[in-house]
Amino acid sequence: MKLAADRLLGIVLIGLAAFVAVQAMQLEVPFSYDPVGPRAFPLGLAILLAALASVLIVKPGTNEAWPGRQLGVKLLLVLATLLVYALLFTKLGFIITSLLAVTSLARMFGAPWGKALLTGGLMAVVSYYLFAHALGISLPSGYWIEPLL
Amino acid sequence: MFDFLIHGFDVALSPLNLGLAFLGALLGTLFGALPGIGPINGIAILMPLAYTLGLPAESALILLAAIYTGAEYGGRMSSILLNVPGDAGAVMTTLDGHPLAKKGLAGPALGLSAVSSFVGATIAIIGLTLFAPLLAEVAVMFGPAEFFALMVFAFASMSVMMGKDPVKTAIGAVLGVLIGTVGVDSSTGVLRYTFGLPELYDGIDFVVMIIGLFAISEILLMLEHANRKDGNEGLPPLGRVFVSLKEVMACKWTMGRSGLIGFIIGILPGTGASVAGAVSYTTEKRLSDKNNTFGTGDMRGLAAPEAANNASAAGSFVPMLTLGIPGSGTTAVLLGALMLYNITPGPMMFSERPEVAGGLIASLYIGNLVLLALNLPLAGVFARVLTIPRWVLVPGIAILAFVGVYQLHSNLAAIYLMLIIGVFGYLLRKLGFSLAPVILGYVLGGLMEQNLRRALSISGGDLGILWQSGISLGLWIAAVALLVLPWLLPKLWQARTSKA
């Protein structure tokens, strides 16, 4: 058998189905008038999922082309940027983190440095005023800036 | 019988709602025109902002529906001008739309697609007005068992009709339903799949889910095209801006037929704009392509899918408003949005919340007029949106996604969850899944379980109740037929022809 991505996926999904089923069985159900209870539905889904996954293993379908190494690295970079954006979001505040995130994302999507920085600055400031002032969303201003205010 | 509509126009014509319909139409068209952002992404990204405005339910729904229909309008821009369909529904539009643009008729093509979108949508909205209250009257008789059977039917129909691979569509739906089971079980208070994380007790938030699944995965997917300069190579010249009356009249029957086809296909659960576009295009080709001009820039080849996909957008409101079963991924998102307001769409909505049902339908009439008025003269302006480079677009989506999720509870856990769901969505898309079934499963799963359990607690655990009534039995049979026939018919056909 050729190892297609779909076969692997099928195996992973069967694992997921087993996990779902085991977790459902372990639920402690208090007495209630509900004859079905919270277990049955996830159990049924697990069985259905396992059945469908088996079909996938026997008859794998088509996938999109997977990213090559260069693209894979870029993909991880973008994800890392988003993660760092989230990590620093409340600490450094919306304006600074957005400036950093927008600038680096713009760079990754092919903007030259000057334009990336300009986009970052404009987007961070304009969106802060739009969201915080016009729409009244409370956005983190950052711990560092508070003593300065 | 049409009290709800009169009441609806009262609601929709209030200055606030009129303004929202206008704003939604404008934003929707802009977002739909952005490369890579279809209606569903547009709604996913803009929905959290609609919430922060603190709007009443009917106003929020009017805004979101206007964004939806607006995005269907906007999606044609890149199909016609760049030969890049903005989403699945716009694929057929490229076939004759782009050749027209290459002939120097981009302006008239955009104008014609605006007119056919208008005609198609109008036919479907009239259909919705006439048909929805009737269906609601039938659906009032539905009990939990019938609703459960209806959802089984909806999932069956979706598996067969949506996406290329029925198995993957079904898996996607099951995964969506599973994601929906996370959190506290409403009838027993038992925590399911929360892994001791308090953030998961309330389940996976709808906004987090759709933004992660659509917006974040789209960012990752766009990276592949980061170096492809599709918008920057310059747009073809628009030529004259207006489509002539003669050209429109040449397509009038095409528009009428395609509008009807689109409406009917839109009603069926799971079959959205892409199926409607394809069916209407092939029908028109068969009926009126006498000189083999379809595919080379025939106006009728453009009018057919454009009328049909906008008609199907309006048609998909029929099952959503009357049965609470969305007809497409985008209406699933709208359904989820309504549920955030504690409104469960269903047959009672026409009698209990006429301001929501009627207001929405009335606003569709208004929004459709607004869209035509916006799109005819401003096509050139909207077309310029296409030249926005990805390095501006992507960070913009990222900011909107972060702010949209952060404002829900002002905590970071939701943002991390959004990123995880985004990666999950990306992997699914890479593996050849379409995301609409996942979101449909997520939205419908909870209702499905509730109805199943309600039915079985009525019967005291006897499974027989699920197919006892004529309606539910019919739905079960229809569901099985849908699943088996596409597989069985070709075999029977083969057997017969080989005998003869």
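Two residues are in contact if their C-beta atoms, placed from the backbone, lie within 7 Å. By that rule, 50 residues of chain B are in contact with 58 residues of chain A. The model is predicted. Chain A is divided into two domains, domain 1 (2-58) and domain 2 (69-148). Chain B has 21 helices and two strands.

**Where the chains meet**

- Sorted by class, the side of chain B that touches chain A holds 29 nonpolar residues. Twelve polar and nine charged residues make up the rest.

**Chain B as a whole**

- The radius of gyration of chain B is 22 Å. The globule rule gives 23 Å for 500 residues, and the two values are close, so chain B is as compact as a globular protein of that length.
- Along the principal axes, the C-alpha atoms of chain B fill a box of roughly 70 × 65 × 50 Å.
- Of the 500 residues in chain B, 60% count as buried.
- Consider contacts in chain B between residues at least 6 apart in sequence. Of these, 80% join residues at least 24 apart.

**The largest nonpolar core**

- In soluble globular proteins, nonpolar side chains tend to be buried together.
- The largest nonpolar core here has 209 residues. Leu64(B), Ile211(B) and Ile439(B) touch the most other members.
- Helix H6 (residues 91-139) of chain B gives the most to this core, namely 21 residues.
- Chain A takes part too: domain 1 (2-58) and domain 2 (69-148) both give residues, so the core lies between them.
- What does Ile439(B) touch, not counting residues up to four places away in sequence? The list is Gly176(B), Ile210(B), Leu213(B), Gly329(B), Ala332(B) and Val333(B).

**Chain A: domains and annotated spans**

- The centres of domain 1 and domain 2 of chain A, taken over C-alpha atoms, are separated by 40 Å.
- An unreviewed UniProt entry annotates residues 40-59, 71-88 and 122-145 of chain A as "transmembrane region".
- Residues 40-59 of chain A are 95% helix and 0% strand. The end C-alpha atoms of this span lie 29 Å apart.
- Residues 71-88 of chain A are 100% helix and 0% strand. Here the end C-alpha atoms are 26 Å apart.

- Leu9(A) sits in helix H1 (residues 5-25) of chain A.
- Is Leu9(A) buried or exposed? Leu9(A) has 23 other C-beta atoms within 10 Å. A residue is buried if it has 20 or more, so Leu9(A) is buried.
- Leaving aside neighbours within four places in sequence, Leu9(A) is in contact with Leu56(A) and Leu431(B).
- Leu9(A) and Ile137(A) are 128 residues apart in sequence. In space, their C-alpha atoms are 41 Å apart.

**Leu55(B): a loop residue**

- Leu55(B) lies in the loop between H3 and helix H4 (57-74) of chain B.
- Leu55(B) has 18 C-beta neighbours inside 10 Å and therefore counts as partly exposed.
- Not counting residues up to four places away in sequence, Leu55(B) touches Ala50(B), Ala60(B) and Leu63(B).
- Ile43(B) is twelve residues from Leu55(B) along the chain. Their C-alpha atoms are separated by 16 Å.

**Positive phi in chain B**

- Phe195(B) is not a glycine, yet its phi is positive, near 50°. Phe195(B) belongs to the loop between strand S2 (191-192) and H9 of chain B.
- Why does Phe195(B) count as exposed? Phe195(B) has 8 C-beta neighbours inside 10 Å. The cut-off for exposed is 12 or fewer.
- Ser410(B) has a positive phi of about 50°, although it is not a glycine. Ser410(B) is found in the loop between H18 and H19 of chain B.
- Ser410(B) has 12 other C-beta atoms within 10 Å, so Ser410(B) is exposed.

Technical notes:
Residues are numbered from 1 along each chain as its sequence is written. Chains are lettered from A and ligands numbered from 1 in the order in which they are written. A nonpolar core is a set of buried Ala, Val, Leu, Ile, Met, Phe, Trp, Tyr and Cys residues joined through C-beta atoms within 7 Å. Helices (H or I, at least four residues) and strands (E, at least two) are DSSP runs, numbered from the N terminus. Domain bounds come from an automatic or database domain assignment. Ala, Val, Leu, Ile, Met, Phe, Trp, Tyr, Cys and Pro count as nonpolar, Asp, Glu, Lys and Arg as charged, and the others, Gly among them, as polar. The radius of gyration is taken over C-alpha atoms; the globule rule is 2.2 Å times the number of residues to the power 0.38. UniProt positions are given in the numbering used here, feature names are shortened, and annotations may be inferred rather than shown by experiment.
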